[in-house]
Amino acid sequence: MKKAFDILMPAAAVLLSLGGIALYLALFLPGFNIYDLILAPVILAIYQIPAAWVFWLWRRRRRKTAPHCEDQAAKPLPDSGTWEEGGE
């Protein structure tokens, strides 16, 4: 089930994204005017919400089931250090 989930959820997100773009073009392209041009980023963002939500769900579930999550949570992050002295 996990393997099917890992394939189907990103595919569903891509299909929803393409569907949002197609819906935008079908609704606004026939009567396109300057107002649609100004509002296009907002309208496209609204139509992309379902795709972003499905992708977020997939990523969240994938993080919970990843075997390396527990190991990384226990390890401290490496020190970034300081600037090296000397040449520029």
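Helix α1, residues 2–28, packs against helix α2, residues 34–47, at an angle of about 145°, and their axes are 9 Å apart. This is a predicted model, where local features need pLDDT of at least 70, side-chain atom pairs count only at pLDDT 80 or more, and totals for chains, interfaces and linings use all residues. Residues are numbered from 1 along each chain as its sequence is written, and side-chain values use heavy atoms, with hydrogens and water left out.

Some terms. Helices are DSSP runs of H or I with at least four residues, numbered from the N terminus. Axes are lines fitted to C-alpha atoms over the stretch in contact, and angles run from 0 to 180 degrees between N-to-C directions.

Next, the contact (heavy atoms within 4.5 Å). From α1 come Gly20, Ile21, Leu23, Tyr24, Leu27 and Phe28, and from α2 come Asp36, Ala40, Ile43, Leu44 and Tyr47.

Now Ser17, which lies in α1. Setting aside neighbours within four places in sequence, Ser17 is in contact with Gln48 and Ala51.

Last, the surface. A nonpolar patch of about 1,200 Å² includes Val14, Leu18, Phe32 and Ile38. Patch residues have over 30% relative accessible area and no salt bridge, and nonpolar side chains (Val, Leu, Ile, Met, Phe, Trp, Tyr) are joined within 5 Å. Areas come from the Shrake-Rupley method with a 1.4 Å probe, with only the protein chains shown counting as cover for residues. A salt bridge is a side-chain nitrogen of Lys or Arg within 4 Å of a carboxyl oxygen of Asp or Glu. Both α1 and α2 supply at least two residues each to the patch.

Key:
Patches are made of residues with over 30% relative accessible area and no salt bridge: like charges are joined within 9 Å, nonpolar side chains (Val, Leu, Ile, Met, Phe, Trp, Tyr) within 5 Å.
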